[in-house]
Amino acid sequence: MSFIRKFTTTSALCALLSSPALADVTADDVWEGLQAQYTMMGYQAAATNVTRDGNKLIIDDFVLSMEIPEEDETLKVSGINLVLEELANGTVDIQFPDELTINAEVADVIVELLLTLTEDSIVASGSPDDMTFAMSVENYIIDLKQIREGDVAFLPKAIITMTGLAGDMRVAKGGMTELVYDMTSDSLNFDVDFKDPEGDGQFTALLNLTGVTADSTSTIPNDVDMTNVADALAQGMKSDGAFGYSGATFNVKVVDEQEGADISGSSQSGSFGFQMSETGIGYNTASTNTDLTVIPAVMPLPLKFQIAETASQFLFPISKSDAPQDAKIMMKYAGLTLDEAIWGMFDPGSVLPRTPATILMDLSAQVSWDLDLLDPANAEALEGSNFPGKLYSANINDIQIAAAGAEFTGNGAFTFNNDDLETFDGLPAPDGEINLKLTGGNGLLDKLIQMGFVKEEDAMGIRMMSGLFANAGEGDDELVSKIEVKPNGNVLANGTRIK
């Protein structure tokens, strides 16, 4: 296992495990339920010492361990201390120390974290099979203190701070366990400073989010092996959630011997959503009114950009199926504008229109897999050159590139014959068409000639070539083209066979 992999694995798990944990209506049931929850996730859970003091159950050095079979190693997380106090109203108060040092170990790598809580309250209520956990923390801080590999200590700076944290989590047990989580935070801050211990490189990052919201719903089968995600999903495990913020500022600096950059900016709002189930995994992102400034080390001149809207969507099936399953990818950048200083570098005469640019790609497909992609037993099969499934259809829902007074758009759809792998040299034979349109193309080409970027004779060749694949459209300076692909291997452009 590489040092970087050890670091990221132990850091992520340690940060997760340092979060406020589950509880129950009695202290003993809380402790038993807590161990059961981590056991369900593949950990071995135990404590060095558990004592009863009246209405309090004191847990010293709660230790979690997990075998990593592919690396023949064990992850161990230790140093978690908590007190479970039974209150008079039948609820349980979960108490952590104001400061808690947590260690995560894999082989000879140890990651040390300091968890700090101020004005925290975590109270469990309900019944043993349907519990709600209400939480409020004024300041929640995770501070990476050091990383040690053998006798060598690495002292990076990585601090996560949340203020005004509040929310609740519901745990409902039945045929499956359902976890419902809802959280808000006034602010979320990241402060990172990594220096290359073997060179002059350095990475620093500051991120501040305000008006943070997060929610998720997960369904987990009982007695499932969580180390085999494919099997867990087949048994009904699923999860979805969303994360959002009402404002963001950031600054990232990368220093290298020869390269580097200083990137800063802000965003008015943003969101991230995810989903995972037997049908597939997916995510979506969005942001509004993003300002971005980039200062490259090789050219210390601020390059400023503004993007009115960004969005992305990804959906990918992962399970074995005989029936078609949906897949999708979408990326959108709308209202992209460049600072006049950038325009002035290549267009000081303002020949090109400064209209905001848009880039959009929206694709979808239907596929099926012959095996479960997340099953470790199929790793070797996935490394082969053969496509491990079938492609049934592919759609170009929308393509749009608009900039400098020109606009290119397109859409199309194809179906595929998986019984014909000869006509297209091993690929399933397609049948469908793409419809394309370019407006303002000749005008843009004229402006590029005026600016000296394109020679007149080269422009003539471009116009002649476009005439072979496109026809004049209904509007001024408009070209349209229909590209058809036939099952017999023929390719037509506007009805004329070109292959």
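Biologist: How are residues numbered, and which pLDDT limits apply?
Modeller: Residues are numbered from 1 along each chain as its sequence is written, and side-chain values use heavy atoms, with hydrogens and water left out. The model is predicted, totals for chains, interfaces and linings use all residues, side-chain atom pairs count only at pLDDT 80 or more, and local features need pLDDT of at least 70.

Biologist: How many helices and strands does the protein have?
Modeller: Helices (H or I, at least four residues) and strands (E, at least two) are DSSP runs, numbered from the N terminus. The C-alpha atoms fill a box of roughly 90 × 55 × 45 Å along the principal axes. The protein has 7 helices and 25 strands.

Biologist: What percentage of the residues is buried?
Modeller: Buried means under 20% relative accessible area, exposed over 50%, and partly exposed in between (1.4 Å probe, protein chains only). Of the 499 residues in the protein, the buried ones make up 38%.

Biologist: Which residues does Leu84 contact, leaving aside neighbours within four places in sequence?
Modeller: Contact means heavy atoms within 4.5 Å. With those neighbours set aside, the partners of Leu84 are Ala27, Val30, Trp31, Asn55, Lys56, Leu57, Ile59, Val92, Asp93 and Ile94.

Biologist: Why is helix 6 roughly antiparallel to helix 7?
Modeller: Axes are lines fitted to C-alpha atoms, for helices over the stretch in contact, and angles run from 0 to 180 degrees between N-to-C directions. Angles under 35 degrees count as roughly parallel, over 145 as roughly antiparallel, 65 to 115 as roughly perpendicular and the rest as oblique. The axes of helix 6 (residues 441-451) and helix 7 (residues 456-469) come within 10 Å and cross at roughly 165°. That angle makes the pair roughly antiparallel.

Biologist: Is Ile342 buried or exposed?
Modeller: Ile342 is found in helix 4 (residues 340-346). Beyond four places in sequence, Ile342 touches Leu303, Lys304 and Phe305. Because its relative accessibility is 10%, Ile342 counts as buried.

Biologist: Is Lys195 buried or exposed?
Modeller: Lys195 is placed in strand 10 (residues 176-195). Leaving aside neighbours within four places in sequence, Lys195 is in contact with Phe154, Gly201 and Gln202. At 53% relative accessibility, Lys195 counts as exposed.

Biologist: What is the phi of Ser350?
Modeller: Most residues other than glycine have a negative phi. Ser350 lies in the loop between helix 4 and strand 18 (357-369) and is partly exposed at 44% relative accessibility. Its phi is positive, near 55°.

Biologist: Where is Ala404, and is Ala404 buried or exposed?
Modeller: Ala404 has a positive phi of about 55° although it is not a glycine. Ala404 is found in the loop between strand 19 (389-403) and strand 20 (406-417). At 15% relative accessibility, Ala404 counts as buried.
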